[in-house]
Amino acid sequence: MAPKSKEKPKTSSSSHPPPAIEDLFTTLDRHIQRSEYEQAVKVADQVLSIAPADEDAIRCKVVALVKDDKIDDALSVIQSFHKLPIDLGFQKAYCLYRQNKLDEALQCLRGRERDSETLLLEAQILYRLGKTDACVDVYRKLQNSDIETAEVNFVASLVSAGKASQVEKALDSWKIKSTSSFELAFNTACSLIENNNYADAEQLLLIAKRIGHVTLTDDGFADEDIETELAPIAVQLAYVQQVLGQTQESTSSYLDIIKRNLADESSLSVAVNNLIALKGSKDVSDGLRKLDRLKEKDSQNFQLSQTLNAKLSQKHKEAIYANRILLLLHANKMDQARELCAALPGLFPESVNPALLQAAVLVRENKAAKAEELLGQFAEKFPGKSKPVLLARAQIAASASHPQVAAESLSRITDIQHLPATVATIVALKERAGDNDGAAAVLDSAINWWSNSMTEKNKLGILMPQAASFKLRHGQEEEASRLYEEIVKKHKSTDALVGLVTTLARVNIEKAETYEKQLKPLPGLKSVDVDNLEKTSGAKPVEGAAAAASAMQEEVKKEKAKRKRKRKPKYPKGFDPANPGPPPDPERWLPRRERSSYRPKRKDKRAAQIRGSQGAVTKQEKQEAAPSTSKSNQATTKSAADSKPSSSKASKKKSRR
């Protein structure tokens, strides 16, 4: 058992009187005004110790914890007072929003009074969820509110919703200028970028940077805090430079942002991603190292940090994951790429890119058939998003020598299947697959579709001649003549008339002669007797024609020789052609022994002279001729024969013995 606590000596109430609640609230208000949130929480606890159900003290404690970025503690406080008749639903929704529990936060706001604060939080949650159209609708309701950042967020939601062209009208309706704040200027510049107006966007970004620097300096921000606040503008300026082709400037800007390691992690991640996209397949290992800075530290696999996961939009996160997979493919790290691809459908369930990246990994592994099957299943599951998937499937199938699959994929894209380029591709693929009837059916379907369409830019003038040529090439003369005849009647084309006469000459000669009369006679053919020309056995050589032809060729050669321009010779640097000096040796490129001036060295005849009587042998020759019998000589001879070049370390070891 725990020992009993000793009783505290009783003190008179006059020595330490409890502080009055009014004084505590005064102290609490002073701490909140000074942004001393930790002390504010302590004072709120003192109030709650006296009045446990005081609503103002509970609200002040929750708000102070939120301001101090202690979101978990704030949620636990809200949960502990849930039995009291105090409405803390808005504070709970905001805490869930800060924890990136967006669906729960949105559910918490339902049924509440839709005042300006609730609408603003709802719009922010919808923006984070990627429901930009609903977000725009909510911000329209805040047009007449007193919220300062409403117009800034409204422009941002329009850009994210793909309605950048409406930004100018929206600013006019709100009766504000784009340069009223640096945040609004930045968002307006983003709308200009979406409209491909990069020059004006660059100028507006520079204005936003200047306004932001002046505003933040006047507000007493430190230099580091100013750089952090203006980091998104710097990254966007670098992106504009990248799009405009100023690669050196944009690369240096990205590297400068990355080296400074700013506290704005979202801007840092965008700079890293854009730099990797700018470099492409160059320096893959460096790109992977830079992306590792964005992942969760405790995670072994690649996973964005919680801060980035909460701040970045779905579009930005998807781009980072996609670039990571592409770098892994370039680095030939197939296991990591396959593992990351498997996680993408869960992270981005409504996106097309996970399926495309999985197909890219399968193609890299020489599994084209599986890639085609995967893309086909995705196209059937999401028909509204099937266009890029079917185009990728057609490309993969065509590269893998599966022309029928490629043609079938293109035929499933309804909005482009009747365009001349698509029709020509499908026909070529079906011809390669040996399906000539199917190719003819594609041409007939396209002609029928354009015949019934009411568009101004009709493509029958392009498709019908090609269809006629195709059918003529494959022995369908009657169908080809019918098409040519229709073209002649509708478009009065001379080329089609020639094709019609040529085609009818094989089927119906009388009809061909009728249309032949519509052809304009060629000049210079009146003097030619066609009947006599047909009776001749062929062209005969004219006497003297060969000699005339050879003479003509010689004249042409002489004219070409005359026209040939003589170019001035190029001399080495510092060479004066007026004073060339002595001529170089003509034998300078020959080996020395092959030159005429080469003289070999004479052998010393005196070395071979022998002193003494005739037949005498020198002492040295005698020693060389005598066989060696000693073991030491044999060992020495053997070691000399078996020795190899050794390193300097071996020679040092021998010298120590």
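Me: Where does Glu229 lie?
Reply: Glu229 is in helix α13; helices are DSSP runs of H or I with at least four residues, strands are runs of E with at least two, and both are numbered from the N terminus. This is a predicted model, in which local features need pLDDT of at least 70, side-chain atom pairs count only at pLDDT 80 or more, and totals for chains, interfaces and linings use all residues. Residues are numbered from 1 along each chain as its sequence is written, and side-chain values use heavy atoms, with hydrogens and water left out.

Me: Buried or exposed, or partly exposed: what is Glu229?
Reply: Glu229 is partly exposed, because its relative accessible area is 41% (buried is under 20%, exposed over 50%, partly exposed in between, with a 1.4 Å probe and protein chains only).

Me: Which residues form the negative surface patch?
Reply: Glu183, Asp223, Glu224, Asp225 and Glu229 form the patch. Patches take residues with over 30% relative accessible area and no salt bridge, joining like charges within 9 Å and nonpolar side chains (Val, Leu, Ile, Met, Phe, Trp, Tyr) within 5 Å. A salt bridge is a side-chain nitrogen of Lys or Arg within 4 Å of a carboxyl oxygen of Asp or Glu.

Me: Which helix gives the most to the negative patch?
Reply: Helix α13, residues 223-229, with four residues.

Me: Other topic. Where is Thr422, and what does Thr422 touch?
Reply: Thr422 sits in helix α25, residues 420-432. Leaving out residues up to four places away in sequence, Thr422 touches Leu410, Ile416 and Gln417 (contact means heavy atoms within 4.5 Å).

Me: Why does Thr422 count as buried?
Reply: Because its relative accessibility is 10%.

Me: And where is Arg595?
Reply: Arg595 is in the loop between α32 (545-563) and α33 (619-625). At 26% relative accessibility, Arg595 is partly exposed. Its contacts are Glu587, Arg588 and Leu590, again not counting residues up to four places away in sequence.

Me: What is the phi of Ser35?
Reply: Positive, about 60°, although Ser35 is not a glycine. Most residues other than glycine have a negative phi. Ser35 is in the loop between α1 (21-33) and α2 (37-50).

Me: What about Asn196?
Reply: Asn196 also has a positive phi of about 60° and is not a glycine. Asn196 lies between α11 (182-194) and α12 (198-218), in the loop, and is exposed at 54% relative accessible area.

Me: How many helices and strands does the protein have?
Reply: The protein has 35 helices and zero strands. Of its 657 residues, 33% are buried.

Note on methods: Accessible areas come from the Shrake-Rupley method with a 1.4 Å probe; for residues, only the protein chains shown count as cover. Lys and Arg count as positive and Asp and Glu as negative; His and the chain ends are not counted. The place of a charge is taken as NZ of Lys, CZ of Arg, CG of Asp or CD of Glu.
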